[in-house]
Protein chains: 2
Amino acid sequence: MFKISRKSARSKARIGKLNTDHGEVLTPAFMPVGTQGTVKAVTPAQLRELGADIILSNTYHLYLRPGLKVIKKAGGLHKMMDWDGPILTDSGGYQVFSLAKLRKIDDGGVTFSSHVDGSKQYLTPEKVVEAQLILGSDILMPLDECAPYPSDRNATVRALERTTAWAVRSMEARARAGRGGGSLFGIVQGGMFKELRKRSADEIREIGFNGYGIGGLSVGEPRDLMLEMLETSTENLEHDKPKHLMGVGYPEDIELAVKHGIDLFDCVIPTRLARHGAFLNAKGKSIIRNAKFEKDMSPLERGCDCYSCQHFSRAYIRHLFLANEILAMTLMTIHNLRVMIRKMDDIRRRISAGSL
Amino acid sequence: MFKISRKSARSKARIGKLNTDHGEVLTPAFMPVGTQGTVKAVTPAQLRELGADIILSNTYHLYLRPGLKVIKKAGGLHKMMDWDGPILTDSGGYQVFSLAKLRKIDDGGVTFSSHVDGSKQYLTPEKVVEAQLILGSDILMPLDECAPYPSDRNATVRALERTTAWAVRSMEARARAGRGGGSLFGIVQGGMFKELRKRSADEIREIGFNGYGIGGLSVGEPRDLMLEMLETSTENLEHDKPKHLMGVGYPEDIELAVKHGIDLFDCVIPTRLARHGAFLNAKGKSIIRNAKFEKDMSPLERGCDCYSCQHFSRAYIRHLFLANEILAMTLMTIHNLRVMIRKMDDIRRRISAGSL
């Protein structure tokens, strides 16, 4: 399912190929986020054109709306949203803990009020796996408990232990469903405690997943601490299994994480920045509303090959933003995602060339 | 510039070909509305794909934002918005009277506060023509005065006389600019008075425009009255010049107007309905949020060849709407515009077949 074709001599960076029922993905890869079954502001045709080959969606959101009955009748998520490439689905553990109200957690699962309609919901590790099998996800993630940052040691241990117990039950639920369908990854937690990161990685590794998500990072901690936790989380995992650093995708973090052996990234930042008027470029980001772009006839980023940069100027896109035109968000999203895809191309090129 | 290739034996309906510097348009044609230099929620590539070959934009809006300096620097409106087909620009007479504040009108022109930033503006017929020459419009419209509905006879006469006087000045301004560039149409006003409609048409015809806009209709009057005024407005105009029924585009009105010899239509309704969740179909329109579409896996309209109908279900698009996803507006806009384009194809086919 995952094959490493090239390893860096200078770091843990590697080039791999992830095979799924919906095609293969060259890694390291960035996954645009389509939380509710659409990458915001773009069509799947535009997504394909800008070079995306895997996207991420969210079980929690889709479970609540439109609901599994609708998605099942549609023939699964791929068919419903017209995306024929691979899809990784987050379990929604993070969302249950960040979005849902009246949350009550016990060893069995989590009870909460839907943020959509207030209805009472009960999710268990088993239900979350079954939901993802109905979605038809290529990569499934188990329900986990992500302790908030900062958390003390006791709270972190409790979340870790529950995450491990739920991981075991998730694996059993996946096994009951038999062969065929997507692969289940395990999620490493452990907060900001090295020894708990190590313990979580050891426990999760023992379960025998096809790959790993590294959870609970980039939640507000300093970057050095994140990298330290990342290193501890991954050093005892099998080298030849794919690893996803969940929710991390600041361009500056990606390269550092690749050097720690991370293969998959997802982040809402590039698309969210786009909708709020910030475009990515070599220097970081720029704000399109800035008056200096009023008569700037150059593309968002010189040399960029995206649809937006090939056809439109900063001055025009600025005008669209000031005039509250939806097209502004579409064009900026296309550009920002293309920047991320090009960044990953560049990273793979540098691994090949032995310079990363 | 305009060539009629086929006339109906049963009505004034005709098929024509309108030649412009940016390509030709088969008429009767529907022009998607791109008020601020973008047809809302779609890219020009999507617009082309759905079969649009001429669009309408608005001088008043573009004059205020992004302003002529920006558009001039961009190389004109076509280049700025990446639309290489014909563009007809409304003068903005209607917008000055409906959107602008602190309006003061005299024979010279109109003073108003910009609805964008409150700045004081002064527009004259000459400035409006010059603005459209900078935009590079293929069809220019003169500044006119559109009396509100209802208006009494005196107010309507005053608006009519000013419209004629401004039409003369617009024609002179266009002539001063020399050959090359777009054609100027004349606008017929006259409110809901048959005799004033006739008088306006006679006065405007005398000026020698390349085509005509019929203004001040579909402003709240009953349909029968609209058709009566339309008939009077057009019966004394040269048969072989193109005619645009300004702002009219309810599917049910278009066919009636075509029978009165109208060649061009524009209307914000199909795109506005789309953004508000109503999709057009053979029966009229349906509201996508309706619960009956929750598990409806059929396309918005059976048999429709648009991108949205070829790839997505009502259930999915309903989900996108309920989840406030931008893609919902894009997919609905593509469909509604395609319905309009197909309607015009059908009308031309029926004229050809002699059945309209």
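Let me start with how the two chains are related. In this predicted model, chain B goes onto chain A by a rotation of 180° with 0.0 Å of shift along the axis, and the RMSD is 0.0 Å. That is a two-fold axis, because this is the relation such an axis describes. If you want to find the axis on the chain B side, look for B:Ile326: its C-alpha is the nearest one in chain B, at 3.8 Å from the axis.

The contact itself uses one surface on both copies, and 100% of the contact residues of chain B recur in chain A. Each side is counted in residues: 32 from chain B and 32 from chain A.

Which helices of chain B supply at least two residues each to the side that touches chain A? They are H3 (68-74), H4 (77-81), H13 (314-322) and H14 (326-352). H13(B) gives the most, with 5 residues.

A word on confidence. The complex has an ipTM of 0.98 and a pTM of 0.98 from the predictor. For chain A, the average pLDDT is 96, and 100% of the residues score at least 70.

Now two helix pairs inside the chains. The crossing is left-handed. From H13(A), the residues that meet the partner are A:Ile317, A:Leu320 and A:Phe321, and from H14(A) they are A:Leu327, A:Ala328, A:Leu331 and A:Met332. How do the residues of this contact divide by class? There are 7 nonpolar, no polar and no charged.

The second pair is H8 (residues 194-207) and H9 (residues 223-235), in chain B. Here the axes come within 8 Å and cross at roughly 30°, so H8(B) is roughly parallel to H9(B). H8(B) passes H9(B) in a right-handed crossing. On the H8(B) side we have B:Lys194, B:Arg197, B:Lys198 and B:Ala201, meeting B:Glu228, B:Met229, B:Thr232 and B:Ser233 of H9(B). By class, this contact has 2 nonpolar residues, 2 polar and 4 charged.

To put the two pairs side by side: the contact of H13(A) with H14(A) has no charged residues, whereas that of H8(B) with H9(B) has 4.

Definitions and conventions
Residues numbered from 1 in each chain as written. Chains lettered and ligands numbered in written order. Predicted model: local features only at pLDDT ≥ 70, side-chain atom pairs only at ≥ 80, totals over all residues. Least-squares fit on C-alpha atoms with pLDDT ≥ 70 in both. Contact = placed C-beta atoms within 7 Å. Helix = DSSP H or I, 4+ residues; strand = E, 2+ residues; numbered from the N terminus. pLDDT = per-residue confidence, 0-100. Left-handed = near helix turned anticlockwise from the far one by under 90°. Nonpolar A, V, L, I, M, F, W, Y, C, P; charged D, E, K, R; others polar. Axes fitted to C-alpha atoms, helices over the stretch in contact; angles between N-to-C directions. Parallel < 35°, antiparallel > 145°, perpendicular 65-115°, else oblique.
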